Amino acid sequence: GLWRGTVPGLLLTVPYTAVQFVALQQIRQAAADYGLTANPGTGPLVSLASGALAGAAATVASYPFDLLRTTLAAQGEPKQAGTQAGASAAVVLQLACRVYRNMWEAGRGIVSARGPAGLYGGMGVTLVEIMPYAALQFGLYDAFNAL
């Protein structure tokens with residue numbers, strides 16, 4: 001229904017945000033310790049790079065929740081097989097396309113089908129998406145904050 005995936009989505013937000021800001025501060029501190037912020041010309045690059053790395057760290061930390069949220073939100077509803085000729089095809093389709101009732105069932109199903117690494121399936125594409133976004137988010141924030 002409409003609310004499928006809401007609980008994993010909410011659980012995704014807390015660790016994502018916490019890891020992102022802790023990683024951002026740690027990366028900025030490491031850049032300062034290595035003297036990368038001493039030159040004013042490197043400031044924007046450090047902001048962009050630290051934002052991208054913080055976004056990547058947050059994604060890795062919270063990706064299983066994102067996968068569960070997407071799985072629950074994108075799956076269909078279980079269909080009741082009727083007495084028509086197509087009923088057996090509907091049963092076969094239902095068995096092939098597992099519909100999970102909740103987050104725990106989805107997690108167990110994914111791990112049993114694909115192993116623990118299955119909770120990170122598709123993360124590479126998500127990282128390609130999130131790193132430029134997070135770089136721009138924090139880089140532009142720092143640039144406008146400096147005005």
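**Figure 1. Packing of α2 against α5 in a predicted model.** The axes of α2 and α5 lie 7 Å apart, at an angle of about 140°. Axes are lines fitted to C-alpha atoms over the stretch in contact, and angles run from 0 to 180 degrees between N-to-C directions. α2 and α5 are therefore oblique to each other (under 35 degrees is roughly parallel, over 145 roughly antiparallel, 65 to 115 roughly perpendicular, the rest oblique). Their crossing is right-handed (near helix turned clockwise from the far one by less than a right angle). Local features need pLDDT of at least 70 and side-chain atom pairs pLDDT 80 or more, while totals for chains, interfaces and linings use all residues.

**Figure 2. Residues where α2 meets α5.** From α2 come Leu48, Ala52, Val60 and Tyr63, among others. Facing residues in α5 include Leu127, Ile130, Ala134 and Phe138. Contact means heavy atoms within 4.5 Å. Residues are numbered from 1 along each chain, and side-chain values use heavy atoms, without hydrogens and water.

**Figure 3. The largest nonpolar core.** This core has 15 residues. Such a core joins buried Ala, Val, Leu, Ile, Met, Phe, Trp, Tyr and Cys residues through side-chain atoms within 4.5 Å; buried is under 20% relative accessible area with a 1.4 Å probe, protein chains only. α2 (43–74), α4 (103–114) and α5 (123–145) each supply at least two residues. α2 gives the most, six. Helices are DSSP runs (H or I, at least four residues), numbered from the N terminus.

**Figure 4. Surroundings of Ile110.** Ile110 is among the residues with the most contacts inside the core. Beyond four places in sequence, Ile110 touches Leu67, Leu68, Thr71, Tyr100, Gly115, Gly118 and Leu119.

Methods: Buried means under 20% relative accessible area, exposed over 50%, partly exposed in between (1.4 Å probe, protein chains only).
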